[in-house]
Amino acid sequence: MIGKKSFGSKLFDISNILIVIMFSIFCVYPFYYMLCYSLSDPVLATKGITLWVRGFTFNNYINVIKLKEIPQAALVSVTRTILGSSVTLFCSGFFAYLMTQQKMYFRKFIYRFVILTMYVGGGLIPTYLVMRYLGLRNNFLVYILPGAVSAYYVILIKTFIEQLPQSLEESAKIEGAGILMCWFRIIMPLSKPILATIVVFTMVGQWNSWFDAMIYMTRNNLKPLQLILYEYLQEAQRLSDRIREGIESGVKVDVSLTPDAIRMTVTAVITIPILLVYPFMQRYFVKGIMIGAVKG
Amino acid sequence: MKIGLDSTLRKRKISIEGIKLTLLALPFVIFVFVFCYLPLFGWSFAFFDYKPGLSLSQAEYVGLKYFKYIFSYNKDMIRVLKNTLAMSFMSLATSVLPVIFAILLNELRNLRFKKFIQSFVTLPHFISWVIAYSLCFAIFSTNGMYNNLMQVLNITDKPNTVLSNSNYVWTFMTTLDIWKGLGWGTIIYLAAIAGIDAELYEAAIIDGAGRFRCIWHITVPNLMETYIVLLLLSVGNLLSIGLDKYLNFKNPLNASKIEALDLYIYRIGLMTHDYSFATAIGIAKSLVSIVLLFTVNKLARKVRGESII
């Protein structure tokens, strides 16, 4: 194949490279635009940004942090990301380990009972009514509890544990280690690769969630960043109110701050953490989707 | 003798460890029951005239009233179904793009370049639809990059408002789906290509097959199976196309064209608080989805001799 290349093959190579580059630009350009806009002077930016920053400044970021809801919302986002992913990891992980214990009574029944949730669901309205009934409206736990035991992750972890050598666990049990000890000291460290994949997935999922907050949260102090941005986008009035409030209350919000600049900067604040961890995530998500594909 | 008797006795005895394990699993089972199975009981709301603030026992039993209402001539329902099916079929039609893109990526000779491109095109998968909408909002606004470009290139003078144009909304949403999902979709096909036996290619080259023949006669047929399974599964999800993207991109000007089934349920249920009717639509949707899934599965068994679920 190497050496003699036909004309058609060369032409294909060149057009192939062009196509993939064009599609990559199509995919990445919006992010580039966002960063440029958020780093530009708001007034100059209204003339349009295409390829480069206009009037480089960090003022947008400084001003956005001063907006009333943003610090609180950022705290909610970070907390739900960390707490949510660790609760999912521990619950799904420990449950998956229990499901590998042959001695358990009703093991198959319990396993099927949980796996079935992948295929049946009550739907939006009944779920909402149940959550309301359980008092989870305006309650931080609604971000964390519903996803704690996830059938999909249970399958992934259980499959992984089953291919580990059993002798380690057995010898630990002979030494007198209980089931919790076995899991924590032996199984958990050994299943790091799959657990890392799951942590990455749940963290991104939690960070990106907003719909649950929208339907369950009426109080502003429990809304995550994503929902605040959604509201800024859907209610233009609210955003200009915020800017005016900021000016009136004496917080030094730049008068030049435009709604567009705020939106782009909040967008950047939400996206930058994902962009930062993205390179590390890559090796995990390919693995994750492959295990999922094989099992599913 | 004694030892033998002892061990049979031990076998019959209920093992304490087994019970302990079951008890350990019990909290999780209760958890799953509350969050996943309890909502199923909420289906009963569809058979009552439930008003918010009342309890279910105070509500009047109306039987299949709401279900009849769905299937009777109902302008809203027809419009919403049309929107849903239109966008579903557009995404089915574009589902072949990840296959093509995977083949293109696989034909790149420089592996580092390939990895680079792959990480670029997968990126949009990891952002929420709120962010996606925010980016579109900025780029397509009247003084955004899109309209600037149009003016510079002298294509149009007056600003084009893509986001509030109901004529293009289906195409626009499908394009966005491609933007967000194409790179992610290729991963599975790239893995499938990596799994193809290299000897097949070697043998083909010895037999005189060129590059395109290798692609057409080896790569494509090997990807077909994966493609068909994924396609059939998405047919099962024809009606469940989600709501968060439509919720973001909806505005008064395009609302009538963008409202898909899930968004309609959301609006009826949580905006106008008609819980019973919304639940009834949800149930009908689930039933249709189940029927679709089983039909498709049967079809797959006939075609491939193997079921997909």
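How many residue pairs are in polar contact between chain A and chain B? The count is 19, with both residues at pLDDT 80 or more. A polar contact is a pair of N or O atoms within 3.5 Å; within protein, one must be able to donate a hydrogen and the other to accept it, and residues adjacent in sequence count only if both atoms are side-chain atoms.

This is a predicted model: local features need pLDDT of at least 70, side-chain atom pairs count only at pLDDT 80 or more, and totals for chains, interfaces and linings use all residues. Residues are numbered from 1 along each chain as its sequence is written, chains are lettered from A in the order written, and side-chain values use heavy atoms, without hydrogens or water.

**View 1. The contact of chain A and chain B.** Chain A gives 89 residues and chain B gives 78 residues (contact: heavy atoms within 4.5 Å). About 7600 Å² is buried between them, 78% of it on carbon and sulfur atoms (accessible area, 1.4 Å probe, lost on being put together, summed over both parts). In chain A, A:Tyr105, A:Phe113 and A:Ile125 lose the most area to chain B, together 8% of what that side buries.

**View 2. A salt bridge across the interface.** B:Arg211 pairs with A:Asp13; their closest N and O atoms are 2.7 Å apart. The rule finds 3 salt bridges between chain A and chain B (side-chain nitrogen of Lys or Arg within 4 Å of a carboxyl oxygen of Asp or Glu).

**View 3. Helix 7 of chain B.** Of its 12 residues, 11 are buried (under 20% relative accessible area, 1.4 Å probe, protein chains only). Among them are B:Trp129, B:Tyr133 and B:Phe140. Helices are DSSP runs (H or I, at least four residues), numbered from the N terminus.

Terms used
Buried area = accessible area lost by both parts, 1.4 Å probe. Buried < 20%, exposed > 50% of the residue type's maximum accessible area, 1.4 Å probe, protein only. Helix = DSSP H or I, 4+ residues; strand = E, 2+ residues; numbered from the N terminus.
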